[in-house]
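Have a look at the structure, then read on.

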Amino acid sequence: METAICGRIALSPNHVFNPKPGDKNSVCRGPCANRGILMAISTTCSGKGGGLLEKPVIERTTPGRESEFDLRKSKKMAPPYRVMLHNDNYNKREYVVQVLMKVIPGMTLDNAVNIMQEAHYNGLSVVIICAQADAEEHCMQLRGNGLLSSIEPASDGC
């Protein structure tokens, strides 16, 4: 059976999947199955048989606490909300554009100008569609800079 190199340690598939008790080169120390450890081992094979093992990525989770994967998954499944910008007769257009670019991550000058103009001419404009917590934060930041804003569910077709 072929061996693979992991860092400076030569590992055979038996070292990885069937470690001997007390083996200091073992990837998995102790009773791994009961500790809530997720391991990812990637291999690259150029032919038949073994391959080169990269250093495993180990994510430790504590009981009752979600892993990063679960948190990302739940964020993606959260219903989207619209952040709405309302027209007002107090703020100059240039100031509105500056605030939009400061508060909304990734907001370009062109998008900020278009959003400002739509709010100016139509009375209302969609600034961004995002998760509820982010929408509430953006709305509060816009209000904190003197702009009129609100949020609403985006469930009717975004």
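## Ground rules

Before we get to helix pairs, a word on axes: they are lines fitted to C-alpha atoms, for helices over the stretch in contact, and the angles run from 0 to 180 degrees between N-to-C directions. Helices (H or I, at least four residues) and strands (E, at least two) are DSSP runs, numbered from the N terminus.

This is a predicted model, where local features need pLDDT of at least 70 and side-chain atom pairs count only at pLDDT 80 or more, while totals for chains, interfaces and linings use all residues. Residues are numbered from 1 along each chain as its sequence is written, and side-chain values use heavy atoms, with hydrogens and water left out.

## The overall picture

The protein has five helices and nine strands.

Of its 158 residues, 27% count as buried, with buried meaning under 20% relative accessible area, exposed over 50%, and partly exposed in between (1.4 Å probe, protein chains only). Contact here means heavy atoms within 4.5 Å. Among contacts with a separation of 6 or more, 58% are between residues 24 or more positions apart.

## The largest nonpolar core

A nonpolar core is a set of buried Ala, Val, Leu, Ile, Met, Phe, Trp, Tyr and Cys residues joined through side-chain atoms within 4.5 Å. The largest one has 19 residues, and Leu85, Leu100, Met107, Val127 and Leu142 have the most contacts inside it. At least two residues each come from β7 (80-86), α3 (93-103), α4 (109-122), β8 (124-131) and α5 (132-144). Helix α3 gives the largest share, five residues.

What does Leu100 touch, not counting residues up to four places away in sequence? The list is Leu85, Met107, Ala112, Ile115, Met116, Val127 and Leu142.

## How α3 meets α4

The axes of α3 and α4 come within 9 Å and cross at roughly 130°. These two helices are therefore oblique to each other; under 35 degrees would count as roughly parallel, over 145 as roughly antiparallel, 65 to 115 as roughly perpendicular, and the rest is oblique.

On the α3 side, Arg93, Val96, Val97, Leu100 and Met101 meet Leu109, Ala112, Val113, Ile115, Met116, His120 and Tyr121 in α4. Sorted by class, that contact has ten nonpolar, one polar and one charged residues. Ala, Val, Leu, Ile, Met, Phe, Trp, Tyr, Cys and Pro count as nonpolar, Asp, Glu, Lys and Arg as charged, and the others, Gly among them, as polar.

## How α3 meets α5

The axes of α3 and α5 come within 10 Å, crossing at roughly 145°. Val99, Leu100 and Val103 in α3 meet His138, Gln141 and Leu142 in α5. This contact has four nonpolar, two polar and no charged residues.

His120 sits in helix α4. Is His120 buried, partly exposed or exposed? With 30% relative accessibility, His120 counts as partly exposed. Leaving aside neighbours within four places in sequence, His120 is in contact with Asn87 and Arg93.

The C-alpha atoms of Ile129 and Ile151, 22 residues apart along the chain, are separated by 9.3 Å.
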